[in-house]
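Me: I have a chain to go through with you. Let us take it in short questions.

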Amino acid sequence: DAFDWVLAYREILPEWAQTIAVSKTVQTVLKTQGLSRAAPAQVRAKLAALEPLAAPVDDFRTALLEHVEQEAAKLPAGATWLASSDIIESVFGHYKTFTARGPLKEVGRLVLLIPAFLSQLSAPAIREAMTSVRGIDVEQWVESNLGLSILARRRRAFKADMKTA
């Protein structure tokens, strides 16, 4: 009895289910493959498995494909762009987990670890990085791009305060 109201939508529910399936299919392709000039063909191939579609759902599919085609056409040849923030959120989540051990919660020098989270590091790659980048270069980059850490600012403030006392 509590769900009698749903019966009024019985005829439209399959159409809604197809619409959701079309949306999820496009979303999955773009999240896993990214947006590139090849994306429309990838999306079209995955959507073919859902056919036949109700007429309104087919119109929706067509509109989505046109949008994907328009956006993909804006990209340079050979480029693949993220179509979702999931990867970025995952990287920063990993960064936050790694830096949680530290007392200060700020984006500091450890931001330079992010590329290590995104690649397979081999001994030769690490050796190349360690021999081709000088410590002073990293220090200069940190100073010009990040500035003083919160701890360094605190130390400076308290040091100045101690001199005046």
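This is a predicted model: local features need pLDDT of at least 70, side-chain atom pairs count only at pLDDT 80 or more; totals for chains, interfaces and linings use all residues.

Me: In what pattern do helices and strands follow each other along the sequence?
Reply: The chain holds 8 helices and 2 strands. Read along the sequence, the pattern is α-β-α-α-β-α-α-α-α-α.

Me: What radius of gyration does the chain have?
Reply: The C-alpha trace spans about 80 × 50 × 30 Å along its principal axes. A compact globule of 165 residues would have a radius of gyration near 15 Å. The chain has 26 Å.

Me: What share of the 165 residues is buried?
Reply: The accessible surface comes to about 12,500 Å², with 61% belonging to carbon and sulfur atoms. Buried means under 20% relative accessible area. Buried residues make up 17%.

Me: Is Arg61 buried or exposed?
Reply: The side chain of Arg61 meets that of Asp58 in a salt bridge, 2.7 Å from N to O. The two are 3 residues apart in helix 3 (residues 55-73), so about one helical turn separates them. Asp58 is partly exposed at 27%. Arg61 has a relative accessible area of 15%, under the 20% cut-off, so Arg61 is buried.

Me: Which residue forms a salt bridge with Lys74?
Reply: Lys74 counts as exposed, at 59% relative accessibility. The closest N and O atoms are 3.0 Å apart, and the partner is Glu71.

Me: How many salt bridges are there?
Reply: Side chains of opposite charge can pair when their charged atoms come close. One of the pairs is Asp137 with Arg134, at 2.8 Å from N to O. The cut-off is 4 Å. The count comes to 5 salt bridges.

Terms used
Residues are numbered from 1 along each chain as its sequence is written. Side-chain values use heavy atoms; hydrogens and water are left out. Helices (H or I, at least four residues) and strands (E, at least two) are DSSP runs, numbered from the N terminus. The radius of gyration is taken over C-alpha atoms; the globule rule is 2.2 Å times the number of residues to the power 0.38. Buried means under 20% relative accessible area, exposed over 50%, partly exposed in between (1.4 Å probe, protein chains only). Accessible areas come from the Shrake-Rupley method with a 1.4 Å probe; for residues, only the protein chains shown count as cover.
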